[in-house]
Each structure stands twice: as structure tokens, then as C-alpha cells.
Amino acid sequence: MSSWFNSRRSLLKLTLALPITGLIATVINSRQAKNTSALHEEFLFSAQGRDSNHYSLGWVDNIKAPSKAMSHNASSKFRGHGVNQNPALPEQVIMMSRRPGLQGVVFNVKKMAIVNTFDCKAEHHFQGHSCFSSDGKFLYSTESSISTGAGKISVRETTTFKQVAEFESYGIGPHQIELMPDGETLVIANGGLLTHPDSGRKILNLSTMDSSLVYVNRHTGNLISQHRLTQEIFDDDFDMSKASIRHLDVAADGIVVMGLQVQRKAMPSDELVPLAVMHKNNQLQLLTAPNNLTRQLNDYMGSVKINNKTRTVGYTSPRGNLAVFWNLDDLSLQAFHNFHDVCGLSLSADNKYFILSNSTGKIRFIDCKLLTEDKTQRLYFAHQSWDNHMLNIHLTS
Amino acid sequence: MNHFTIKWPLFAILLSSVLLTACNETSNSSEIGNTGIKNTSGQISELDLAIAEVLAFNIIPAMENFNFQAQELNRSIKEFCPVSEKNMTEKGLVVLQNQWKTLNNAWFSTLPFLFGPLETPADDLGLTPTYAYIDSFRIDHINRTNSVRSRISSSINDVNFDENDIATYTYQKTGLLPLEILLFEKSSNQEQALATIVDEYLQTNKCSLLRGHASVLSDLSENIVTGWKENYRLTGTGYAEMFINNTLDYYFTDNLDGSGEISTTRFITSLKNHSEYLASRNIHTNSALLANSYWDAISSSIMSTEAAFSGSPKTKLSIYSFISVTGNTDNADRIKSGFSALTTTIENENVNDMQVAAQSLHDIIETDLTSALNVSLGLNFSDGD
């Protein structure tokens, strides 16, 4: 009885599924054909993939029309991390490999394909992030010397992506790097954590780790200033010695916000450590939250993004399953949003939404004014595993 | 042409018949297995069925037992400390002390399942979960024995103290800890002799505190069970039903329930986190100290965790069975070995070995269980960058 019934159900499923499968195939082909010529669209780009067979640069088109949005992948063969768009050549998108990777890929949005790859120089490995000069002619990426562990900034010209210069990062383990609004200064998050490719991602200097925020002249590589999260700065209220500055973003007025990751195993106590810090007018200031919210963040911020229009800064914590928002001017906590394994954090082109992504392929849109989710915009791509960072790209020509 | 005019109606009738049969099966399957939990998604996998049975036959009974023991303590306290009389006895106090130990063991049996109603925020800001009001050490790992003791000492001699005010206390001052302090020591000097403690009840308004704390705890435990079974956060639907059908995401966006995490990962993460809690926090120096029953409590929590894998007498498809049936017997064996090793260290009351074994079990759950169930706990949270 049971097997007869199951067979009939299987037959029914098959009967119903066949025409639907055909329809889906048609829709996919149609969408892919349109993608190659759609230059006014807004896209979301992110490293994605759960294993080496799937590592790729993934993207989503039609993000303003959820029912039409589709995801696509270009295989990278390595696990990617940070993604950047060339400000002078908008169709050029870069994805850096995750530390301690050795490669980057150049993607052309008009061709919807990877058009070039580049390697870091011998005895170096990448640290996962890069940024362009404002004229788009140079790419600055964070790297480390394998033999000495010293942090480096490589400079590549963006036609062939050959390295043309190299600077010190003035610290160990540089991670995110951004260009300041003056167009002349690079700001770098030196995480302070020493790793070596031979021991994978194991941290080798927990007892002596030294994290800092550094400003460097992008032409000369000269150090402009360096800032550390010392206890004295925060009136001894917090032990920041094991807080690693990993991610940052820069506001239009030059304010720099940082996301921290605490090496809890190296701390002598369970004392909570704030994870969001602002550098403004040459002063470091904490973005604080009630203890139970800070605790839930689980010592880890994964991405940070500023909305200049609403003067809001968003942070994501995949270990806390949280996105948290502060006001950039009065430093007040504005809202938080729970989202499992969230890390990707971007802004829509019209600055209306913070866009969150997670490793199960889900994407959510947080209204930047209300700081609540607009559920009608939800996107879900079950076969995608969005990695740490997501970038919104808008082609206007 | 005739060929088609005859065939199409016949085909339509046949198709309708099949569709009706299929629909009937869906409607007949409104319950997931024999769990009593409604199937509202229509898409319940074998793994979902196994987890639904864990909900119905392990987790909810653990919550119900905790609630029962809390109500029992509340009832016993009202007998020991009636509002209008003072006739406390040492025998009555022993009954309460034993009941507190039983209640604490029942609490530890729920700790591996720290999600759903236990995590529901119980403060105005939506930041402090319900479980913190029962066991503040579990959330922030701060031993508040001295501060709670100090507050009790001042309150028992306060003629204006109102036991109803305890319902407004923050989580740092409520739950099992104040009840333990009230029942196991004389507040003024921490003496533990029964006669001394009873004498303090007779001389002060300590009964008011005892009744107040027991009442708050019994309300919390009642809410937890109601949330699991019937009415979670005023939705009119039990958390178990939303959880197993993965519909929480559609009900909520404003707190944990709207996080989009699927039930399987939430379940595994909770088990994993409990093992890590045992491994990394010194429960033996911070919990159930006055009652001297921390080993019993730890043992209860591990028995409860393993029962989630092995099932109950009502279980038809246990997690162990599911793992074995899917060809992962080695994984099941490693998990069983992990539990066995941990149980031995608890029986030997060896703290260091227990913490090592608990960490090992955590690692086994993270690797072997997720692999056997083909579940990813996430990509971004697991390795910092």
C-alpha cells in the first residue's frame, strides 16, 4: 500500500516537474542573455562558495526587482574576500583572495567574465583587501612578507596589474585598506596578528600582538600617523590590548570607523570589549552598546559600512548573527537586526538600503532611515554561500 | 480527432484523481510523525522528523519537568512560609533544599536546548534573554553570589520590603541563585546549620523574599512551556511548530526568531554551545556551590544532551539512527565515544578531565555531527578574517 502510494506520488511529481523545469531553463537563458547587455543595472558582487569546487566571484542582477533577480558565478579557483570597483572604469571589479592567498581576479561587468588574474610577488601573500586610487590608475592591496611577517602595501597599475611599487604598512597583518577623501592618503587597519602560510591561519603572536590604524601617503608610502587602542585613551575602562583592528570604512568628511575582533583566548578575563571605534578629529572614540548586545556580538565584527546620507554606520557580526547600527554624529546606538551568519554589508546605489548577506545565500534590505527590514526585498539563492564582504555596483553608462 | 476528444476527459479525470489523493495525503499528514506537532510546511524531511521527535520527546519534556519542579518548589515554599504564620521547621527546610537541587538539575537538563522560549528577551530593550533571569551565570559567566547575598541581607530586615517588587528586578538579582542563598545559608553570616537558617526565617521577613523569588521563577518556567507548546510571543502558535516548519523567519524580524537560521543548525549550534560552556566555564566554582550539587547538575545536562541523540521510548527515528541509516555509523560511534568519555569524567568528578572531554565533544559535534547530517553551521562565523 505504502510503496504503491509513493510511486503514484513520484509519478505525479515527475509529471508536474517536467514542464516547470523547461520553463526555468528558458527563464535562465533569457536572463543570462540580457545580463551581457544590461549596463544600467545595479549588481551585488561577493566572493562566494563553500568549498574549493565552488569558490567564485558571485553576483546578483536585478536586485530592485526581487522576483527577477538571479545569481551568477565566475569560478575563481580560490576563496575570495574583498571586492572593489574601479571608480574610473566602473565595469572593472577586483576580487582579492582571502589570506593567505596569492591571487586576485579582474572581472569585467560588461563581459560578465573574469578577464585577468594577478599574483602577489614571491615571498608575499595577500591579506584580502585592496582599494583603487581615485583616478582608477592604481590598485593598493594589503600583503605580508612570508619571511619577516612585515605588513606591506603593494601598488599595481590597473591595465596589466603589474606591481609598480611597495610600501610598508607599519605593522603586522594589514587587512582592510581604503582611500581617504583627499585622494592622497591611504588608511590601513593593521590587525597586528602574525600568521604564516606554513601554519595556515594560526595566530603566532597572541602575547605580543600590536594592532594599529595607520595613515600613509599613497605616492611616497610615508607614514603620516599611527594610532593604537591603548587603555589610556579609554580611561582604563576597557582592556583593548587584544582587540585587532580588521575592517574600516571612511565617511565623506574623513571620519574613519573601525570594526574590531578580540582575541579572547589571549585575554586574562571575560571582560567585555567594545567592537566599534571611530577616528574623528584625531581622536579615537568608542561606539558603545548595552552589555548584553556587546556580549552577543561575540568579540567579532566582520564588516563595516557608512551611509553618508543618513549619517549611519552599520556593522555586521557573523558570530553574533547581528547587524548593528550607530549614528555617526552623536555615536548613539540606533538599531540591531538579527540575521544568521550575516557578514556581507553594502549600500544600495540610492543609499536607501543597507544590504546584508549571509552564507546560506540570503540577502536582506534594511531601510536606512527606519533601520528595519523591508521584507518585500528579500532575496534567496540557495546554491550560493555569500562570503565575508558584499559590494553594490551600479553602472551608469 | 475522436481519439483526442475521448482521451482528454479521461486524462483529466485520472489527473484529478491523483491530485486529490496527493492532497489528501498532505492533509492527513498535518502532524509530523506522532509528535503532535503540526506540519504546516508540507515539506518535512527525515531529518526534520528526527528533530521533531527530539522536540516532542526530549526538549519539551525537559522544559515541562523544569516547570513542574519550579511549581513544586513554589508550592512547597508556600507551605513552609505561609503569609500569616511563622512555623518553619528544619524538616521543612530540608524538603525545600532537596527540591531546589532537583529543580537545579532539571534546569541543567534544559541548558543544552538554549533557544526558543528560553532565549526570548524578557526585558524592555529586547536584549536580555529569559534564561538570564533564571541563571545569570549562564549568560555572562559572572559569579554574583556576593552581590545577591548582600542584597538579601539588606532586604530581609527592611520592613517596607514588598515581595511583588522582585518581578521588577534585573536579571542579575533573580532566579536560582537567590533561592539557593535563601535556602542554604543564614544571610547575615553564611552559616549553613539548619537551625540557624530556620531561626533567621523566624526572626526576619526572609519568607517574603523566598516567596517572591519562587513566584517569579515559577512564572518564567510556565511561560517557557507555554511558549514551546501553545503560544509563542503572542502568536497563538507554539514555538515547536514554527521551529520545525522553519516559519519563524516569516513571523519575526525584530529579534533572534527572524534571523533566518534553519532549525537544524539552530539545534546543533545549541548542543555544541552547551559542550563549550561546560568546557570553558568553571561551573564547579560558580554554580550550585552552597547546595554542593554541581556534579549532579552537570551530569543531568549531559544525560539530557545524549538523550537528544539516542531518543526516548516514544522515538521512532533517533538522531543516532538517522546518522547510521544514512551511512555514517563511524560518526555516530565517535559521538557515542565522546559522550562516554565525558560521562566517565563526571562520574570521577575530575574537573580538568571533564573540561577536556567536553571540549572534545564540542569538536565532535561540530565536525562529525554536521558532516553526518550534511549541515553547514555557516561560513562567515567560523574563521575570522
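**Strand partners and beyond**

Guide: Let's start with a pair: M258(A) has V277(A), in β18(A), as its bridge partner. Strands here (E, at least two residues) and helices (H or I, at least four) are DSSP runs, numbered from the N terminus. Before going on, note that this is a predicted model, where local features need pLDDT of at least 70, side-chain atom pairs count only at pLDDT 80 or more, and totals for chains, interfaces and linings use all residues. Residues are numbered from 1 along each chain as its sequence is written, while chains are lettered from A and ligands numbered from 1 in the order in which they are written.

Visitor: Ok. Which sheet does β18(A) belong to, and in what order do the strands come?

Guide: An open sheet of 4 strands, ordered β16-β17-β18-β19 in chain A, with antiparallel pairing. Two strands pair if DSSP finds at least two bridges between them. The edges are β16 (243–250) and β19 (283–286) of chain A, each pairing on one side only. Ignoring direction, neighbouring strands of this sheet are turned by 30° against each other on average.

Visitor: How many bridges does β17(A) make with β16(A), and how many with β18(A)?

Guide: With β16(A), β17(A) (residues 256–262) has 7 bridges, and D249(A) stands opposite V257(A) there. With β18(A) (residues 276–280), β17(A) has 4 bridges.

Visitor: And what happens between β18(A) and β19(A)?

Guide: They pair in the antiparallel sense over 4 bridges, with M278(A) opposite Q285(A). Their hairpin has 2 residues between the strands, and N281(A) takes a positive phi near 50° in it.

Visitor: How many helices and strands does chain A have?

Guide: Chain A has 2 helices and 28 strands.

Visitor: Where does β28(A) find a partner?

Guide: In β1(A) (residues 42–48): 6 bridges join the two, which run antiparallel. One facing pair is S46(A) and M390(A). β28(A) (residues 386–394) is mostly covered, with 7 of its 9 residues buried.

Visitor: Switching to cores. Which residues touch the most other members of the largest one?

Guide: V54(B), L55(B), W107(B), A240(B), I244(B), I298(B) and I319(B), out of 94 residues in the largest nonpolar core. A core here is a set of buried Ala, Val, Leu, Ile, Met, Phe, Trp, Tyr and Cys residues joined through C-beta atoms within 7 Å. Helix α2(B) (residues 46–80) supplies the largest share of this core, 16 residues. Apart from it lies another core of 83 residues, including C120(A) and Y315(A).

Visitor: What is W107(B) in contact with, beyond its neighbours in sequence?

Guide: Leaving aside neighbours within four places, W107(B) is in contact with F66(B), I134(B), D135(B) and L176(B). Contact means C-beta atoms, placed from the backbone, within 7 Å.

Visitor: At what angle do α3(B) and α7(B) pack?

Guide: About 160°, with the axes of α3(B) (residues 90–110) and α7(B) (residues 176–184) 10 Å apart. That makes α3(B) roughly antiparallel to α7(B). Among the residues making the contact are W100(B) and W107(B) of α3(B), and L176(B) and L183(B) of α7(B). Axes are lines fitted to C-alpha atoms, for helices over the stretch in contact, and angles run from 0 to 180 degrees between N-to-C directions; under 35 degrees counts as roughly parallel, over 145 as roughly antiparallel, 65 to 115 as roughly perpendicular, and the rest as oblique.

Visitor: What's the phi of Q190(B), and of N246(B)?

Guide: Q190(B) has a positive phi of about 65° though it is not a glycine. Q190(B) is in the loop between α7 and α8 (194–203) of chain B. N246(B), also not a glycine, has a positive phi of about 55°, and lies in the loop between α10 (239–244) and α11 (248–251) of chain B. For context, most residues other than glycine have a negative phi.

Visitor: Last one: is G327(B) buried or exposed?

Guide: G327(B) is exposed, because 9 other C-beta atoms lie within 10 Å.

Conventions. Buried ≥ 20, exposed ≤ 12 C-beta atoms within 10 Å, placed from the backbone. Contact = placed C-beta atoms within 7 Å.
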